[in-house]
Amino acid sequence: NSGSFNVTAFTEEQEALVVKSWNAMKKNSGELALKFFLRIFEIAPSAKKLFTFLKDSDIPVEQNPKLKPHATTVFVMTCESAVQLRKAGKVTVRESNLKDLGATHFKYGVLDEHFEVTKYALLETIKEAVPEMWSPELNNAWAEAYDQLAAAIKTEMKPPS
Ligand code: HEM
């Protein structure tokens, strides 16, 4: 049936895995955030150029105080995305916020590749941060929550109207 579609429900277990592991990571969120972004730049050094505050700065990347907030935001919003996926079956960032997010990432020239590298770095960072909690299910739950959030941002990546 060509009209069929695939809805994979995000389960309560998946939500719990994400929320529980984030609660365990939170106390080190500053350190984690830094690791997360250094990992991104290790894989994709050119991504540094996207961040104006890195491009125009003489401070070494790892000491730049502006780096952590974005990295922490990605963690927090992915975690919130997991909660919403379970509750509503979709990512429900308030629409105006989603539009701003889309417009900002469009404006700074963020590409699909950057979202991919960021996903990889996020999952690696989590694996290192909570090895005792880590499982393929945990990994997949974070991956799914991130993918859905990234997809929602990407649909709004166009010039502001
Ligand atoms: C800005 C979240 C992925 C690069 C922002 C802002 C938020 C955010 C909340 C500030 C909001 C605003 O100014 O409108 C996210 C989330 C992501 C994500 C939740 C993934 C799910 C990425 C990726 C890149 C990226 C993959 C590139 C590697 C940037 C840049 C800015 C930005 C360059 C502007 C920073 C500046 O002020 O120079 N992001 N982001 N983001 N993001 Fe992201």
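A word on sources. This is a predicted model, where local features need pLDDT of at least 70, side-chain atom pairs count only at pLDDT 80 or more, and totals for chains, interfaces and linings use all residues. Residues are numbered from 1 along each chain as its sequence is written, and side-chain values use heavy atoms, with hydrogens and water left out.

Stay with alanine 71. It is found in helix α4. Helices here are DSSP runs of H or I with at least four residues, strands are runs of E with at least two, and both are numbered from the N terminus. Which residues does alanine 71 touch, not counting those up to four places away in sequence? Ala33, Phe36 and Phe37. Contact means heavy atoms within 4.5 Å.

Now the packing. Two packed helices are described by the angle between their axes and the distance between the axes. Axes are lines fitted to C-alpha atoms, for helices over the stretch in contact, and angles run from 0 to 180 degrees between N-to-C directions.

Take helix α2, residues 29-43, against α4. Their axes come within 8 Å and cross at roughly 95 degrees. The two are therefore roughly perpendicular. The cut-offs: under 35 degrees is roughly parallel, over 145 roughly antiparallel, 65 to 115 roughly perpendicular, and the rest oblique. On the α2 side the contact includes Ala33, Phe36 and Phe37; on the α4 side, His70 and Ala71 are among the residues. The contact divides into nine nonpolar, four polar and one charged. Nonpolar covers Ala, Val, Leu, Ile, Met, Phe, Trp, Tyr, Cys and Pro; charged covers Asp, Glu, Lys and Arg; the others, Gly among them, are polar.

Next, α4, residues 67-88, with α7, residues 136-155. They pack at about 95 degrees, axes 8 Å apart. That makes α4 roughly perpendicular to α7. This contact has 10 nonpolar residues, three polar and one charged.

Helix α1, residues 12-25, also packs on α7, at about 95 degrees with axes 9 Å apart. So α1 and α7 are roughly perpendicular to each other. Serine 21 lies in α1. It is buried, with a relative accessible area of 0%. Leaving aside neighbours within four places in sequence, serine 21 contacts Val130, Met133, Leu138 and Trp142.

Last stop, the iron. Which protein donors does the iron atom of the ligand have? His70 and His105, each through NE2, lying 2.0 Å from it. Donors are N, O and S atoms within 2.8 Å of the metal (3.2 Å for Na, K and Ca), and water is not among the atoms, so sites may look incomplete. Histidine 70 sits in α4 and histidine 105 in helix α5, residues 95-107; they are 35 residues apart. Histidine 70 is partly exposed at 27% relative accessibility. Histidine 105 is buried at 15%.

Definitions and conventions:
Buried < 20%, exposed > 50% of the residue type's maximum accessible area, 1.4 Å probe, protein only.
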